[in-house]
Amino acid sequence: MTKGQKKNLKKSQQRQKKRVEKTTAEITQQYKYLADEGAPMEDITERLASTSVQESRRPAAEEAAKGEASKNGSEQDDVSKRIKNIRKKLRQIDDLQVKIDGGMEPDQMQLDKIAKRATFQEELESLESWVTS
């Protein structure tokens, strides 16, 4: 696969491709090892049949640590999305305030949104302090 073709794949597809290649290499290595030992073909076939691409090769403790790290990463992603969302709302409120100052007559929903500005600002500060800590 050329570098240009690799760029066309999504990151998840690239990771999946790497996992498949790694597992294929492991199976091939296992086959060669068994064949070099002179194991009967039935044993080789039986062992390779029990090996699958989806099977994990990591110890349980390593799996648990990875799971915990992904939870923390996922939580941080959620917080980052929420920060982005709040910043967008604050920009919209600022734009709305400029329009009102320019003479636009706001409806009740717009007034409610402007009233929530302080709440959004507090939440944003709280989330940003959580991310930096």
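Residues are numbered from 1 along each chain as its sequence is written, and side-chain values use heavy atoms, with hydrogens and water left out. Because the model is predicted, local features need pLDDT of at least 70 and side-chain atom pairs count only at pLDDT 80 or more, while totals for chains, interfaces and linings use all residues.

**Overall fold and confidence**

The protein chain has 6 helices and 0 strands, where helices (H or I, at least four residues) and strands (E, at least two) are DSSP runs numbered from the N terminus. Along the sequence, the pattern reads α-α-α-α-α-α. Of the 133 residues, 11% count as buried; here buried means under 20% relative accessible area, exposed means over 50%, and partly exposed lies in between, with a 1.4 Å probe and protein chains only. The chain exposes about 10,700 Å², of which carbon and sulfur atoms supply 51%, the areas coming from the Shrake-Rupley method with a 1.4 Å probe. Contact means heavy atoms within 4.5 Å, and among contacts between residues at least 6 apart in sequence, 51% join residues at least 24 apart.

The predictor's confidence in each residue, pLDDT, runs from 0 to 100. The protein chain averages a pLDDT of 76, and 63% of the residues score at least 70. Where pLDDT is low, the predicted coordinates should not be read in detail.

**The nonpolar core**

A nonpolar core is a set of buried Ala, Val, Leu, Ile, Met, Phe, Trp, Tyr and Cys residues joined through side-chain atoms within 4.5 Å. The largest one has 10 residues, namely Val-79, Ile-83, Ile-86, Leu-90, Ile-93, Leu-96, Ile-114, Phe-120, Leu-124 and Leu-127. The elements that give two or more residues to this core are α4 and α6, and the largest share, 6 residues, comes from α4.

Ile-114, a member of this core, is in contact with Ile-93, Leu-96, Gln-97 and Ile-100 when its neighbours within four places in sequence are left aside. Lys-113 lies in helix α5 and is partly exposed, with a relative accessible area of 28%. With neighbours within four places again set aside, Lys-113 is in contact with Gln-92 and Ile-93; the C-alpha atoms of Lys-113 and Gln-92 are 9.2 Å apart, although the two residues are 21 apart in sequence. Gln-121, in helix α6, is likewise partly exposed at 26% relative accessible area, and its C-alpha atom is separated by 7.6 Å from that of Leu-90, which is 31 residues away along the chain.

**Salt bridges and a polar contact**

A search of the whole structure finds 4 salt bridges, a salt bridge being a side-chain nitrogen of Lys or Arg within 4 Å of a carboxyl oxygen of Asp or Glu. Among them are the pairs in this table.

| Pair | N to O distance |
|---|---|
| Lys-17 and Glu-21 | 2.7 Å |
| Glu-123 and Arg-82 | 3.0 Å |
| Arg-117 and Asp-94 | 2.8 Å |

Lys-17 and Glu-21 are separated by about one helical turn, because they are 4 residues apart in helix α2 (residues 11-37). Lys-17 counts as partly exposed at 32% relative accessibility, as does Glu-21 at 42%.

The side chains of Glu-123 and Arg-82 also meet in a salt bridge. Glu-123 lies in helix α6 (residues 117-132) and Arg-82 in helix α4 (residues 60-101), so this pair ties together parts that are 41 residues apart in sequence. Glu-123 is partly exposed at 28% relative accessibility, and Arg-82 is partly exposed with a relative accessible area of 28%.

In the salt bridge between Arg-117 and Asp-94, the pair links distant parts of the chain, with Arg-117 in helix α6 and Asp-94 in helix α4, 23 residues apart. Arg-117 is partly exposed at 28% relative accessible area, and Asp-94 is partly exposed at 33%.

Thr-23 is placed in helix α2 and is buried, with a relative accessible area of 8%. A polar atom of the Thr-23 side chain lies 2.8 Å from the backbone oxygen of Arg-19.

Note on methods:
Polar contact = N/O pair within 3.5 Å; in protein donor to acceptor, adjacent residues only side chain to side chain.
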